[in-house]
Every structure is written in structure tokens, then in C-alpha cells.
Amino acid sequence: MPGFADSFWSGDYAGGLGVLFGKLQQGIVENQQVLQIAKLRADAEDLYGAKLMAIPAGADRAGGFGRDDGASVRKAFDGMKKEMDEAGKNHKKVADNIRQLVIEPFAKWCEAHEDRVLASHDELQSRIKSYDKQHEAVKKLRSHYFNKCRLVEDMDEETKFIGVPPPDTPSSATTPAAPGVPATPQIKLPDNDDDEELDPVEIGDEYMQASEVKKMLGKMLDMIPQTQVKVAILGTYQNVSTGEQIVEYIMKQQGATSVSYAERVGQDLVSNGFLRLIGAVGSTFANSSKMNYQWRPKAFQWAAIKPKATDKLQRAPTIHMNGDQVSETSSPTMAYVGDYLGGLLNNQRPGETPGDRLRREASEADEKYKGGVRKLDLMRCDFEEAMMDNLKFMERCELDRLKAIKSVILDFAGAISNVIPSIQATVDTMMLYQETVQPLGDLRYLLESYRTGSYVPKVITYESYYNSPDEQTFGVDLEARARADRKRVPVIITSILTYLDHHYPDLDGDEARRGIWLVDVPLAATHHLRNAINNGKAPPKDVLAKYEVPIVASVLKLYLLELPDSIVSSHKYEIIKTVYTTHGSEGDDRARLAVIQNTLGSLPLTNIATLDAITTHFTRLIELTSADEAFVAALAHILTYCILRPRFESSLTASERHSYRLVRDLFAHKEQIFGELKRASAQGGNRMRAISTDESQRRTHMEARNRAVISAAKSRSSSPAPPQHRKGGSGDVTRFPINVSPTSIDPDIGPETESPVSESASPPMSATAPAHNPDGLEKSNSLSRTGRATGGRFPRKNANLVRSAAAGKRDSIASNASDGSIGAEQELSYRRSVEGVTLSDRPMDD
């Protein structure tokens with residue numbers, strides 16, 4: 001039965017959590033209802049007891065039984081009054097028992113349960129808001145990065161066909177006015193429709209829209225004092241404010257929490273061209289009354305206001321060479337010189353051409369976009385870990401709530417049954433109701449009725465402008481990843497399967513080998529390994545060796561779940577559904593398998609090769625470990641969403657088992673399905689064969705391999721040791737050859753034909769090679785207790801798998817040989833069998 005951790009996921013995370021917490025909130029209301037009914041029953045029992053105790057006093061009358069002291073009827077009457085009083089006391093006791101045993105403890109538990117649910121809800125809600133905020137920021141950074149790249153491309157195209165003037169050529173926009181004619185300042189008010197086209201501006205620690213920046217500048221220009229400042233040689237600057245005045249405004253009006261944050265806001269105003277430092281070199285903003293900053297025309301343009309009128313302070317007259325004194329207003333030359341010198345002092349990159357500036361801005365935007373994607377991915381992983389932990393915790397809380405209600409009903413019945421035997425029938429009925437409460441059944445009903453989807457993470461990958469999938473492995477399209485690796489199967493899949501084949505013999509027993517695929521690995525441990533190998537390259541063996549085998553297997557399942565589409569494309573889901581609906585009955589295998597072959601044959605070659613490699617690995621594991629039906633069913637359930645998942649999950653697809661039946665058919669009829677696919681591809685059907693890189697020695701290698709197999713069979717038949725027959729077989733070498741998908745030899749094709757879905761094969765590991773731990777370091781994680789490097793939840797044994805026949809133990813990898821010389825001879829024959837045969841994974845066709 002799936003749990004909360006695999007049932008309340010959705011694309012935006014909030015949808016599934018909303019459904020879950022809606023049901024949990026309903027549970028809180030149900031707790032209050034149970035508590036309220038207990039309170040009402042206690043009040044009723046208390047009132048009923050008081051009424052019964054008031055009956056004896058109300059029954060006395062003058063001139064009645066009081067006058068007849070010795071009559072038997074009087075004693076019967078007095079006995080009735082006494083029984084009424086005792087009955088009232090009993091009901092009072094029932095009311096007290098209900099309050100002490102049911103109401104008080106259950107009320108405290110309900111408060112604690114509500115606090116737990118609300119705390120989990122608030123935590124996940126805050127994480128969702130942070131994730132959504134970062135996601136929006138990444139979208140903006142992506143748009144900004146793409147815009148910069150387009151500008152660079154446009155500039156390069158224009159440079160090819162249009163002559164670009166030198167950077168120092170004056171333009172009409174910068175030509176000074178004629179002498180004696182002062183330039184009239186003009187302010188261009190931007191249209192409100194252009195606000196959306198402007199890029200967000202970084203002010204402080206957040207990106208603000210252009211409309212928000214305009215409002216902020218309008219308030220700052222209106223409230224911050226401005227004056228004019230005279231600077232030697234450069235002249236007089238208008239609309240000047242000190243750094244101290246600007247920081248004071250930011251602290252009071254914008255709610256800055258510290259002076260350093262206010263200085264960062266001021267620095268961003270300088271960097272975005274709204275302020276400039278005068279009278280000093282550089283463009284640094286500081287909280288100082290000595291530092292003067294001029295509001296630039298861009299600030300007034302964005303604020304859509306005119307500069308404030310300031311008192312015209314007359315500067316000292318300038319003496320021209322002819323002896324005449326000319327004021328500052330009549331000398332535009334000095335103003336031009338002042339602006340020019342100020343620009344030189346404030347320019348941090350002198351000599352930078354527009355092309356260099358655009359390329360620098362595009363590079364900076366790319367780095368920011370990459371950093372934003374990395375931060376978003378880390379936030380997603382951290383959020384999924386927290387969500388997984390909270391879902392498991394909420395499942396335990398909900399199960400505890402249902403058990404608590406069951407316990408309350410039992411205590412409620414006990415409070416009544418222990419005091420009043422006369423209402424035993426009522427108690428029996430209540431006990432019957434108590435027996436009808438099934439916590440696990442209610443939990444299953446909740447999951448089946450309200451689940452929103454299984455755990456299928458949606459990875460936000462980095463989209464390079466030049467469409468290259470490098471630097472990332474998880475979340476990349478399967479075919480694109482294989483093409484980048486120049487392999488038929490992505491390197492991460494072949495590397496992990498080969499690594500597992502190498503380490504299966506190190507595990508103690510078949511149960512441990514099968515268990516690595518069924519154990520519930522914490523998501524945090526899986527994400528730790530994922531982050532270590534998510535670099536677009538083959539995972540190094542030394543990195544995988546740092547983690548226990550179940551974590552390595554779990555990261556392969558996570559890789560398949562994070563693919564944009566399942567291995568068998570979700571577009572084929574309806575076809576597979578139709579296949580099992582039409583040909584799903586027993587005894588109709590041929591028709592069903594034929595349709596499955598045709599459906600899989602339409603998949604890309606990479607998907608077929610990957611599916612063949614994975615299926616080969618698991619069928620070999622099932623066969624060699626003599627797996628039972630329970631393990632095969634559990635493994636098929638785990639791999640269901642890795643192999644085939646619907647495009648959109650709904651309540652209908654949640655109850656369908658077509659993906660599970662497809663996995664079972666792949667396990668049961670692997671050779672028949674993929675044999676036909678290989679034969680069709682080899683005969684040149686609708687697919688182009690990949691060009692082999694090692695066809696020259698293929699026939700020689702195949703003949704040497706056949707001779708070695710015959711020699712090995714003869715050596716085994718001449719062995720004095722009695723043969724032992726067991727399902728899966730036991731040999732003198734390990735039953736897990738180190739290959740991903742061995743090349744199959746079809747009698748109809750011949751030895752020269754090579755399967756299009758074959759994968760690389762590594763030399764087999766000798767069964768008699770001793771295990772070697774170079775440093776003997778201890779390692780531990782959430783799946784094992786601390787121990788030697790060969791210990792863990794799945795204890796490893798020495799790589800020497802030959803056991804004594806007298807020990808009485810049998811293992812699926814144990815050697816049948818009882819004589820060391822015979823074992824050595826068999827090992828030698830096996831080594832000869834693989835000598836000269838090399839199966840290499842060919843690169844993809846360009």
C-alpha cells in the first residue's frame with residue numbers, strides 16, 4: 001500500500017499538499033466532534049444523577065408512609081428510595097469517569113495534534129513560497145540572459161554588414177551647443193506602457209519592477225533635501241544630496257533594518273545610474289556627510305518630475321584670454337569639461353567598446369542565471385527532503401489520530417461498563433461500534449480517494465542558449481544525454497549497473513542482494529549522491545564506493561524518475577492500456593507480445609537500448625538469486641513509474657495496473673520481446689544501424705569465445721565433484737558477469753550480426769580474488785551502523801566466495817568445487833573463455 005510520501009505530489013507541490021492538509025484539518029474537526037459528544041454525555045449523566053438523587057426527597061408526603069413505621073410496604077418504599085439515590089450516585093460517578101478518563105486526556109492530545117499539523121503546514125507553506133519566489137527570479141534571470149545574448153548576436157550581425165564608427169567619433173547626440181547658446185535641459189517622460197518592457201532593477205537584496213523603482217525615486221526626490229555644491233575646477237553641481245541624508249531617508253521611510261543595508265540600496269542607485277559621486281574618484285556609496293551625490297537626469301526621467309529649483313549661487317567669474325569676465329551660465333565649455341572629467345573619474349572601465357560591454361553584460365547575466373538555477377535546484381532538493389519527512393510524519397500522526405479515536409471509544413465504554421452493569425447491552429453495542437473502527441482501512445480509503453500523484457520530481461534544468469546538455473546529468477532528456485555521452489545508453493546507467501554487478505558478490509546472501517532494490521533509502525542520502533555525480537560525466541567509481549550499495553541503486557531509480565519522460569514514452573501509455581485491455585487474458589501471450597514489440601519498436605534507439613540494459617540486469621538478478629514471486633511483484637511495483645508513467649496522473653490512472661503488467665511481461669518474456677527487436681533492427685528494418693568501430697576482429701573473437709565455452713564445458717564434465725542442480729545455477733565463478741547487456745547471438749542472423757541495443761561488457765570478477773580494503777576506513781550512513789568498510793545494513797563477505805562443502809551452507813554464488821585444484825582449473829578455463837573477446841560500447845552516430 002502506498003503511503004503519504006508517495007501519494008500527495010503534484011507539479012506545483014501545493015496542489016497535493018492542499019488536498020492532504022485539507023483532510024488533516026478535517027481530522028482535527030472530527031477530534032472536536034468526538035470530544036464534544038463525550039462532554040455532552042458527561043453532562044447528561046451528571047444531570048440524570050442529580051435528578052435521581054432528588055427523587056427520595058420529592059417523594060415524601062405528610063400523612064403517608066411516615067405514619068406506618070412497621071408496615072412491609074414502608075420498607076419496600078424505603079428500599080426504592082435508597083435504590084434511586086444509589087442509582088443517582090452511580091450516574092454521578094459515570095460522569096466523573098468520563099471526564100477523567102476520556103475528556104481531559106483526549107483534549108490535551110487533540111491540542112498537541114493540531115499544533116503538529118499546523119507546524120508542518122506552516123513549514124511547508126513557507127518553503128513553497130521561497131521556492132516559488134526563487135523560481136520566478138530564475139525566469140527573470142533567464143529572460144534577461146536571453147535578451148543580452150540576442151543583443152550580442154544582433155550587434156555581431158550588424159558589424160558584418162555595416163561599418164561601425166570608431167568609439168571616439170562624436171555623434172549628433174553628444175555635440176555641444178553653439179557657443180553662447182546655453183543648452184536647454186529636457187526631460188522625457190516615459191510612457192507607462194513601456195514599464196513592462198524594462199528589465200527588473202536590483203535594489204538592495206531584491207529585484208524590483210520598473211514601476212516600483214519609479215515610485216521609489218519619486219518619493220526620494222521629493223523628500224530628500226537637495227542643494228548645489230561647488231567643486232574646484234569642475235564647477236557647480238545642481239541637485240546634490242549627501243550620503244548621510246540618503247541613508248537617513250532609507251532608514252526611516254523604507255524600513256531598512258541596518259545602515260549596511262541602506263548603504264547597499266544607495267550603492268545600487270549609483271550602479272544603476274540614478275546617482276553619481278562628485279568631488280572624488282570612484283563610484284562608492286557611503287553613509288557620510290562628506291560624500292556628495294548628484295541626482296542624475298535618469299532619476300528625474302524615471303520619476304517623471306522636473307529638477308527642483310535651487311538658489312542660483314554665482315561662481316567666481318572666469319577670465320577669458322581677451323580679458324572679459326564670463327559667468328558660468330554663459331560658458332557651456334566649462335560645464336562640458338566638468339561633465340567630461342567627472343565621467344572619467346567615475347568610469348570604472350575606460351576604453352570599453354559597446355561590443356565589449358554587451359558581451360560582458362551577457363556573460364554576467366549568464367553567471368547570474370546559472371547561479372540562480374543552482375540555487376533553485378538546491379532549494380528544490382531541500383524542499384523535497386523536508387516534504388518527504390513531513391509527509392511521513394503526517395502519516396504517523398493521522399494513524400495515531402485514528403488509533404486515538406478507537407482508544408477513546410474503548411475508554412468511553414469502559415467508563416460506563418465499570419459502574420452500571422444494568423446498561424450492559426448499550427455497552428455491548430458501543431463495543432461493537434468500537435470493533436468496526438479499522439485505522440488501516442480508513443487510511444487506505446483516504447489514500448485511494450484523495451491521492452494526487454506519485455513521487456515523480458520535476459527538475460528545473462539549466463537551459464543553455466547554445467543547446468548543450470553538458471554540466472548536468474539528472475533531468476536531461478534520455479536521448480540528449482546519450483548523444484552527449486556518445487553512447488547508446490547514458491553513461492550513468494551503464495556505470496551504476498556495472499558497479500552493482502561488481503558488488504553483488506560482496507553482499508552476504510541472495511536476500512541481501514535482492515534487498516538493495518526494496519529498501520527505503522532516505523531521500524537525503526540519495527540526493528547527497530545525486531549532487532556528487534550531477535555533472536554531465538560518468539560517475540567515478542571512487543565516488544560511488546563512498547556510499548552503500550542501496551544508495552547507489554536508489555540514485556539510479558531517482559535518475560529514471562527525474563527524466564522528462566519515462567523510458568517507454570508516456571505517449572505510448574494509451575497504447576499499452578489498450579493492449580492489456582484487449583489482450584490481457586491468460587493464454588493470449590502471442591498477440592499481446594506482438595503488439596508490445598511493435599510499440600517498443602517505435603521508440604527511439606536510445607530508449608530501447610536503455611530498457612534492454614535495465615531489463616537484462618533485473619532478469620539476471622531474479623534468475624541467479626532464485627527470487628520468489630513476492631520479490632518480483634515488489635520490484636515491478638517499484639520500477640513501474642521508472643519504465644512507464646502516464647502523461648497526466650488522475651484518480652483513474654492511480655488505480656490502473658498497466659505499467660505494472662508491462663514490467664512483469666518484460667521480466668517474463670525478455671528474450672522474446674528484445675530478441676525480435678534486435679533481429680528486426682539487424683535485418684535493416686526501419687532503423688539505421690550504428691556504425692561499429694570493431695568489426696574487423698569480430699568473427700575471430702566470436703570463434704575464440706565458442707571454443708572457450710566448449711572447453712569450459714568439458715572441464716566441468718570431467719570434474720570428480722558431484723554435480724549440484726539448483727535453479728539459477730552455481731558455478732566456479734561469480735554468477736554476475738560484469739556487463740550491462742550482453743550481445744545476443746541469434747541463429748537466424750549469424751555471428752556477424754550485432755545487436756543494436758548491446759552495451760559494454762567489462763571483464764568478469766574472479767570468484768577467488770580476495771576482498772581488499774586499502775585503508776580499512778569506517779563508513780556509516782543512515783542505512784547501516786558504523787563499522788568497517790565492508791559492513792552495513794547489508795553485510796559484505798570476503799570476495800573469496802568458495803565455501804567448504806562440510807559447512808552445510810549453500811549460496812547462489814558459492815562454488816560447487818570441493819577441491820582447490822579443480823576450482824583453479826575451472827577458473828582458468830573461464831578466463832580462457834573470455835580471452836580475446838571485447839565488447840565495447842560504440843559511440844552514437846553523428
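Trainee: How many residues of strand S4 are buried?
Mentor: Strand S4 (residues 235-242) is mostly covered, with 7 of its 8 residues buried. Buried means under 20% relative accessible area, exposed means over 50%, and partly exposed lies in between, for a 1.4 Å probe and protein chains only. Helices (H or I, at least four residues) and strands (E, at least two) are DSSP runs, numbered from the N terminus. This is a predicted model, in which local features need pLDDT of at least 70 and side-chain atom pairs count only at pLDDT 80 or more, while totals for chains, interfaces and linings use all residues. Residues are numbered from 1 along each chain as its sequence is written, and side-chain values use heavy atoms, with hydrogens and water left out.

Trainee: In what order do the strands form the open sheet?
Mentor: The order of the 4 strands is S3-S4-S6-S5, with antiparallel pairing. S3 and S5 stand at the edges with a single partner strand each, so one side of each has no neighbour in the sheet. On average, neighbouring strands are turned by 55° against each other, direction ignored. Two strands pair if DSSP finds at least two bridges between them. Axes are lines fitted to C-alpha atoms, for helices over the stretch in contact, and angles run from 0 to 180 degrees between N-to-C directions.

Trainee: How many bridges join S3 to S4?
Mentor: The antiparallel strands S3 (residues 227-231) and S4 are joined by 4 bridges. Val 231 is placed opposite Gly 235 of S4. The hairpin of S3 and S4 has 3 residues between the strands, and Ile 233 in this hairpin has a positive phi near 75°.

Trainee: And what about S6, which residues point which way?
Mentor: Asn 292 and Gln 294 point one way from S6, Tyr 293 and Trp 295 point the other way, and all are buried. As a rule, side chains in a regular strand alternate between the two faces of the sheet. S6 (residues 292-295) runs antiparallel to S4, with 3 bridges between them, and Gln 294 in S6 faces Val 240. Leu 277 has Tyr 293 as its bridge partner in S6, and Ile 278 has Asn 292.

Trainee: Which helix lies across S4, S5 and S6?
Mentor: That is H5 (residues 243-253), which runs at about 30° to S4.

Trainee: Changing topic: how many residues does the largest nonpolar core have?
Mentor: The largest nonpolar core has 107 residues, and those with the most contacts inside it are Phe 4, Leu 391, Ile 493, Leu 500, Trp 517, Leu 529 and Leu 600. Helix H9 (residues 354-417) gives the most to this core, namely 11 residues. Another core lies apart from it and has 29 residues, including Val 213, Met 220, Ala 262 and Trp 302. A nonpolar core is a set of buried Ala, Val, Leu, Ile, Met, Phe, Trp, Tyr and Cys residues joined through side-chain atoms within 4.5 Å.

Trainee: What does Leu 529 touch?
Mentor: Not counting residues up to four places away in sequence, Leu 529 touches Val 543, Leu 544, Tyr 547, Ile 551, Val 552 and Val 555. Contact means heavy atoms within 4.5 Å.

Trainee: Back to H9: at what angle does it pack with H11?
Mentor: H9 and H11 (residues 439-450) pack at about 135°, with their axes 9 Å apart. The two helices are therefore oblique to each other; angles under 35 degrees count as roughly parallel, over 145 as roughly antiparallel, 65 to 115 as roughly perpendicular and the rest as oblique. Among the residues that meet are Leu 399 and Leu 402 in H9 and Leu 443 and Leu 446 in H11.

Trainee: Is H23 largely enclosed or open, and why?
Mentor: Helix H23 (residues 658-668) is largely enclosed by the rest of the structure, because 8 of its 11 residues are buried. Among the buried ones are His 658, Tyr 660, Asp 665 and Phe 667.

Trainee: Last one: where does Arg 486 lie?
Mentor: Arg 486 lies in the loop between helices H12 (478-485) and H13 (491-503). Its phi is positive, near 60°, in a residue other than glycine. Arg 486 is partly exposed, at 38% relative accessibility.
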